[in-house]
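Dear colleague,

Please find below the structure that I am handing over to you.

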Protein chains: 2
Amino acid sequence: MPRGNCQGQGWWHGKFRDCGYRLTIGREAILDILSRSEGHLSAEDIYIKVHPKYPNVGLTTIYRTLDVLSNLGMVYKLDFGDGRARYELAEGPKGAHHHHHLVCTGCNSVIDYTDFIDEEVELLQQTEKGLGKKYNFKINNHVIQFYGLCGKCSVNK
Amino acid sequence: MPRGNCQGQGWWHGKFRDCGYRLTIGREAILDILSRSEGHLSAEDIYIKVHPKYPNVGLTTIYRTLDVLSNLGMVYKLDFGDGRARYELAEGPKGAHHHHHLVCTGCNSVIDYTDFIDEEVELLQQTEKGLGKKYNFKINNHVIQFYGLCGKCSVNK
DNA sequence: AGAATTAATGAAAATCATTTCCATTTATAA
DNA sequence: TTATAAATGGAAATGATTTTCATTAATTCT
Ligand SMILES: [Mn+2]
Ligand SMILES: [Mn+2]
Ligand SMILES: [Zn+2]
Ligand SMILES: [Zn+2]
């Protein structure tokens, strides 16, 4: 009977180790929070969620880890114009869960949407290919955000 | 013979006044710099360009004016991930000159592109309409940016 | 397992873009 | 011209992020 159990270890161990990074409590905690939280967390949001369980993980480590994860492409660093960076897991273990954003300039709320029109995906691929060739650019990511007013804010306006 | 001449006054006077804002030297200088500069200027970039001619326009005014212009929709405030906001004129007097961005994550250079815009614009309008209805969202702007490595950075990598 | 090696960490200090304060100036309308 | 409120600049404050550096801990090697 194997003594280690792996079910709780998270799918990222492999990728993480492969890149030469050490596995630490702090990093696991951060990844754990990111994977079980919906939404767009700031560094401090994450710190506050991590702290009760791991009081000795500092905010500095949160920033450093998010930077590593972002460089590895495991996390997206986003800017919604509220003066602090926001982070979300790039994708789950099963593969992509790609989405774009609707940002309310009134209340700063953000809606994820995945209901792309079929043509949207296709156009994006064409565009990436075309632009890549024309400008000799190796594209590996994109950000699409719509700005406007949510229902509440249109009314209260 | 009319004594004022208007040719140098800039097309924005009207819009600006209509919104109840006063016309000041500083504001004109900033708009002037924005309209005659290519590229994506930070507040400080603008300050440096304005300063020789108008040494008594302070950085604070640059920030305040950019905020006003941005709220009026005359200027886009952009984030390319280098820690400072960048600004560009939304459009010239003749109408739109809409474009999107290719951002190099290696050297932070940015390419404006207008290729594929036609198809994109059409799709975008569909998408805006669809999303607007579904999420009860009044969309009035969007940001599309592709991230990757420019030619130089792919090589030097 | 124990020691050696080196990455990772936390706490405090530093950085730096942006914002706030407030006394003074200035654009605009009466 | 005068009255009025908006706009300004310079200094100080703010606040997110980064840097520093002495200490700790993960991994590798006996
Ligand atoms: Mn999202
Ligand atoms: Mn541009
Ligand atoms: Zn809203
Ligand atoms: Zn580059």
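His99(A) is buried, at 9% relative accessibility, and His40(A) is likewise buried, with a relative accessible area of 14% (buried means under 20% relative accessible area, with a 1.4 Å probe and protein chains only). This is a predicted model, in which local features need pLDDT of at least 70, side-chain atom pairs count only at pLDDT 80 or more, and totals for chains, interfaces and linings use all residues. Residues are numbered from 1 along each chain as its sequence is written, chains are lettered from A and ligands numbered from 1 in the order in which they are written, and side-chain values use heavy atoms, with hydrogens and water left out.

Both histidines coordinate the manganese ion (ligand 1), together with Glu88(A), His101(A) and Asp112(A), at 2.1 to 2.5 Å (donors are N, O and S atoms within 2.8 Å of the metal). His40(A) lies in the loop between helix 2 (25–36) and helix 3 (43–50) of chain A, and His99(A) in the loop between strand 2 (86–89) and strand 3 (100–104), so the pair ties together parts that are 59 residues apart in sequence (helices, H or I of at least four residues, and strands, E of at least two, are DSSP runs numbered from the N terminus).

Turning to the DNA, 19 residues surround DNA strand D, each with a heavy atom within 4 Å of it.

Definitions and conventions. Donors are N, O and S atoms within 2.8 Å of the metal (3.2 Å for Na, K and Ca); water is not among the atoms, so sites may look incomplete. Buried means under 20% relative accessible area, exposed over 50%, partly exposed in between (1.4 Å probe, protein chains only).
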